[in-house]
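User: I'm new to this one. Can you walk me through it?

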Amino acid sequence: MVTGASKGMGKASALALAEEGCKVAICSRTQSDLDEAVRELQAFGNAAIGVRADATDQADLKRFYEETVAALGEVDIVVNAVGGAAPGTVDTMTDEEWQLNFDRNLFPGIRLIRMALPGMKERKWGRIVNIGSVTGREFGPDFEMTRDSLMGYMSAKAALIALTKHMAIQLAPHEILVNMVAPGIVTYPGGRRDLWSKTQTPEAMDEFFARHLPMGRFGWPEPVGALVAFLCSEKPGFLSGACINFDGAGSRSLL
Ligand SMILES: NC(=O)c1ccc[n+]([C@@H]2O[C@H](COP(=O)([O-])OP(=O)(O)OC[C@H]3O[C@@H](n4cnc5c(N)ncnc54)[C@H](OP(=O)(O)O)[C@@H]3O)[C@@H](O)[C@H]2O)c1
């Protein structure tokens, strides 16, 4: 199961898993995008479904899980790709806006994992990958792009790192590997970063790249998909509890 997967890194993860032979279920809120993504998934020859569901809504998430089990069987892999920011600072953000940040970035993962976990434990096999952000580890360049404080997003992604680490330790005896991918700036056609870059002059973009992106370009979703598929396979074996940056060496933190 992959949440938030009709576009971007969620979709790339779903496609990479389908390419490896997985039956894949994805969710997002826009039916037309889901239909297109499911067509691409099915082209690999395996069963795939798309469920229109808002991952921040508990009832929708439960329906996503139940429809997946009914159509594809038990769930061995959960990839939490859904995320998003509600901007604001400590003095401007309401409780509802704080909640929104955690509802978008933390709770979908917690709730979906809670549903899938009994089966994974019973079968003594499972893979969980959370898509976080380098912003969960250090102050990122997002402020420069959005001119908004992403304090709530940063806090929720940091909490996701803590959740990942704790689950990895707790679930290791059950042969369930739990890891995290922390992207820097990743763009895809029509995505937020793509739209933002189109509002900038070439000089401003060059300056932005020089300041934040040593490779001189944004990242793109497909390598994230390949990394997620690796983390969900037999190959990582002993690799659990890791948070792997995917940022073209853009972040500065040693940790
Ligand atoms: N792109 C970056 O630079 C970047 C950097 C660091 C971290 N991240 C994190 O990486 C993950 C993926 O980001 P992305 O930029 O590749 O994709 P994205 O543009 O955030 O969205 C990808 C997918 O999520 C779906 N989605 C959004 N909100 C949803 C919701 N509430 N319920 C269900 N589906 C939802 C979207 O479809 P609908 O809108 O139709 O629902 C779309 O299919 C997120 O967790 C994000 O925080 C991204």
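This is a predicted model: local features need pLDDT of at least 70, side-chain atom pairs count only at pLDDT 80 or more; totals for chains, interfaces and linings use all residues.

User: Noted. How many helices and strands are there in the protein?

Analyst: The protein has ten helices and seven strands.

User: And how compact is the protein?

Analyst: Its radius of gyration is 18 Å, close to the 18 Å that the globule rule gives for 255 residues, so the protein is as compact as a globular protein of that length. Along the principal axes, its C-alpha atoms fill a box of roughly 50 × 35 × 35 Å.

User: What share of the residues count as buried?

Analyst: Of the 255 residues, 45% count as buried.

User: What about contacts between residues at least 6 apart in sequence?

Analyst: Among those, 73% join residues at least 24 apart.

User: Tell me about the core. How many residues are in the largest nonpolar core?

Analyst: That core has 71 residues. Ala14, Leu17, Val24, Ile26, Val78, Val181 and Val228 have the most contacts inside it. The largest share, nine residues, comes from helix 7, residues 151-171.

User: Pick Ala14. What is Ala14 in contact with?

Analyst: Leaving aside neighbours within four places in sequence, Ala14 is in contact with Val2, Ala5, Val24, Ile26, Ala37 and Leu41.

User: Now helix 1. Is helix 1 mostly covered or mostly uncovered?

Analyst: Mostly covered. Eleven of the twelve residues in helix 1 are buried. They are Gly8, Met9, Gly10, Lys11, Ala12, Ser13, Ala14, Leu15, Ala16, Leu17 and Ala18.

User: How far does helix 1 reach?

Analyst: From its first C-alpha to its last, helix 1 reaches 17 Å. That is close to the 16 Å expected at 1.5 Å a residue.

User: What follows helix 1?

Analyst: Gly21 follows helix 1, and its phi is positive, near 105°.

User: Switching to the ligand. How many residues surround the ligand?

Analyst: There are 28 residues around the ligand. The closest are Gly4, Gly8, Arg29, Thr30 and Gly83. Helix 1 (8-19), strand 2 (24-28) and helix 8 (192-198) are the elements that give two or more residues to this shell.

User: Which helix gives the most to the shell around the ligand?

Analyst: Helix 1 does, with three residues.

User: And the shell by class?

Analyst: The shell around the ligand has eleven nonpolar, eleven polar and six charged residues.

User: Let's go to helix 10. Which residues of helix 10 are buried?

Analyst: In helix 10, residues 221-231, the buried ones are Pro221, Val224, Gly225, Leu227, Val228, Ala229 and Leu231. These buried residues pack against helix 1, strand 4 (77-80), strand 5 (126-131), strand 6 (176-183) and strand 7 (243-246).

User: Why does Pro221 count as buried?

Analyst: Pro221 is buried because 23 other C-beta atoms lie within 10 Å, and the cut-off is 20 or more.

User: What is Pro221 in contact with?

Analyst: Apart from neighbours within four places in sequence, Pro221 is in contact with Gly8, Met9, Ala12, Val186 and Tyr188. Gly8, Met9 and Ala12 are also among the buried residues of helix 1.

User: And Val38? How far is Pro221 from Val38?

Analyst: Their C-alpha atoms are separated by 17 Å, and the two residues are 183 residues apart along the chain.

User: Next, Ile185. Where does Ile185 lie?

Analyst: Ile185 lies in the loop between strand 6 and helix 8. With 25 C-beta neighbours inside 10 Å, Ile185 counts as buried.

User: What does Ile185 touch?

Analyst: Not counting residues up to four places away in sequence, Ile185 touches Pro141, Arg193, Leu213, Phe218, Gly219 and Gly250. Ala53 is 26 Å from Ile185, C-alpha to C-alpha, and 132 residues apart from Ile185 in sequence.

User: What about Glu175 and its phi?

Analyst: Glu175 is not a glycine, yet its phi is positive, about 60°. Glu175 sits in the loop between helix 7 and strand 6. Glu175 is partly exposed, with 14 other C-beta atoms within 10 Å.

User: And Ala249?

Analyst: Ala249 has a positive phi of about 65°, although it is not a glycine. Ala249 is found in the segment after strand 7.

User: Is Ala249 buried or exposed?

Analyst: Ala249 counts as exposed, with 10 C-beta neighbours inside 10 Å.

Notes:
Residues are numbered from 1 along each chain as its sequence is written. A nonpolar core is a set of buried Ala, Val, Leu, Ile, Met, Phe, Trp, Tyr and Cys residues joined through C-beta atoms within 7 Å. Helices (H or I, at least four residues) and strands (E, at least two) are DSSP runs, numbered from the N terminus. Two residues are in contact if their C-beta atoms, placed from the backbone, lie within 7 Å. The radius of gyration is taken over C-alpha atoms; the globule rule is 2.2 Å times the number of residues to the power 0.38. A residue is near a molecule or strand if its C-beta atom, placed from the backbone, lies within 6 Å of it. Ala, Val, Leu, Ile, Met, Phe, Trp, Tyr, Cys and Pro count as nonpolar, Asp, Glu, Lys and Arg as charged, and the others, Gly among them, as polar. The expected span of a helix is 1.5 Å times one less than its number of residues.
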